[in-house]
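Work through the following exercises with the model open. Each task is followed by a solution in steps.

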Amino acid sequence: MNQPAQLILTVDYEVFGDGSGQPLPCVLASTERILAIAESRGVPLTLFVEALEFAAMEREPACQAQSAAVRLQLIEALARGHDLQLHLHPQWQGAKLDPAGNWQLDLSRWRIGDLPFHEVADLVERGRVWLEELVRQQRPDYCCIAFRAGGWCIQPSAPVLAALSDQDFLIDSTVAPGLRNTTAGEWSDFRDAPDLPFWNADHDLSIPVSHGVWEFPILTGRVARLDHLKALRKAGLAEGCQGSYRGPGGATARFFGRLSRLRQLGTVMLDFSTLPAPQLIEITRQWCEHFAGEPASLPLVAIGHSKNFTATSERALTEYLDWVNGQGIVGTTYPDALESIRSG
Ligand SMILES: [Zn+2]
């Protein structure tokens, strides 16, 4: 590799978008396994914490034990050298448990990109304050500076970028270049993302400007369609985790969304929950070769989810991090990656 590359290993830390899934198997246990693997390979993990759902759990008497366990895991991860940043699913705002123990969420608020600026600003502030209050008990100088939109639903991006900028966020890491989701109520479209390893945006995430929030995109790449199909068939849920990927449009929208995703067969995110190691390595290799001429250090953002991190994912992540270390790629966090880019 011609320039130092830095891996930012991220996990979206959450239960399912419709409220299903128990925190113990779907978040806590699987995250502990990811932390252990990352630590054994000397790579810090960034947990994108979906703060609204954990704030909602804290309001419910029935969820006190699991809320305490989540707080403990987050604080301990930080003490062990990992990082915490903000992830938001607006449907969790004001969520309540019904008598049967199921979460009642407002699925019409699935896309943060659909909300007016004042609501986006309010959600970002609630999430940021929840996370900062938690972390500052241990690290008083902590500031939440990086964001990822729930379900990649950040577009149209102007209100979200304005809210992030107003609240001193420096980085968004939602964009997955080249990918599109046409599912009703869940759409995203990153086919127009700039052909850059990172950029600044102040209004439209697909238009690079000289100021504004930094975009550190999630790596995407091409893999053989048959290999992609095999990986999709093998994908499962974390051990003991049960839940539903039901979205705001229900089963019919999901069916048509799945059809549209199949048309993109072969283009994938660098997702260590669902891809085998050879594909993770191939995507990283493609990205490093494509941006080999860039002068600055190259951030490589990988994504995973605690809820679908399986025993197969454990083997893939271990093998991938061994390759990463063998390549001289260094594991880092968003604040440190930004610092190294700025110091040039
Ligand atoms: Zn999410």
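**Exercise 1.** Is Cys 144 buried or exposed, and what is its relative accessible area?

Solution. The model is a predicted one. The relative accessible area of Cys 144 is 2%. Buried means under 20%, so Cys 144 is buried.

**Exercise 2.** Locate the disulfide and describe its geometry.

Solution. The structure has one disulfide. Its partners are Cys 26 and Cys 241, with 2.1 Å between the sulfur atoms. Cys 26 sits in helix α1 (residues 23–40), while Cys 241 lies in the loop between α6 (225–234) and α7 (250–263). The two are 215 residues apart, so the link joins distant parts of the chain. The angle about the S-S bond is 100°, and the link is right-handed. Both Cys 26 and Cys 241 are buried.

**Exercise 3.** Describe how α8 packs on α9.

Solution. Begin with the axes: those of α8 (residues 277–290) and α9 (residues 311–326) come within 8 Å and cross at roughly 40°. The crossing is right-handed. Next, list the contacts: Ala 277, Leu 280, Ile 281, Thr 284 and Arg 285 of α8 meet Ala 316, Glu 319, Tyr 320 and Trp 323 of α9. Sorted by class, this contact has six nonpolar, one polar and two charged residues.

Conventions. Residues numbered from 1 in each chain as written. Predicted model: local features only at pLDDT ≥ 70, side-chain atom pairs only at ≥ 80, totals over all residues. Heavy atoms only, no water. Axes fitted to C-alpha atoms, helices over the stretch in contact; angles between N-to-C directions. Helix = DSSP H or I, 4+ residues; strand = E, 2+ residues; numbered from the N terminus. Left-handed = near helix turned anticlockwise from the far one by under 90°. Contact = heavy atoms within 4.5 Å. Nonpolar A, V, L, I, M, F, W, Y, C, P; charged D, E, K, R; others polar. Disulfide = S-S within 2.5 Å. Buried < 20%, exposed > 50% of the residue type's maximum accessible area, 1.4 Å probe, protein only.
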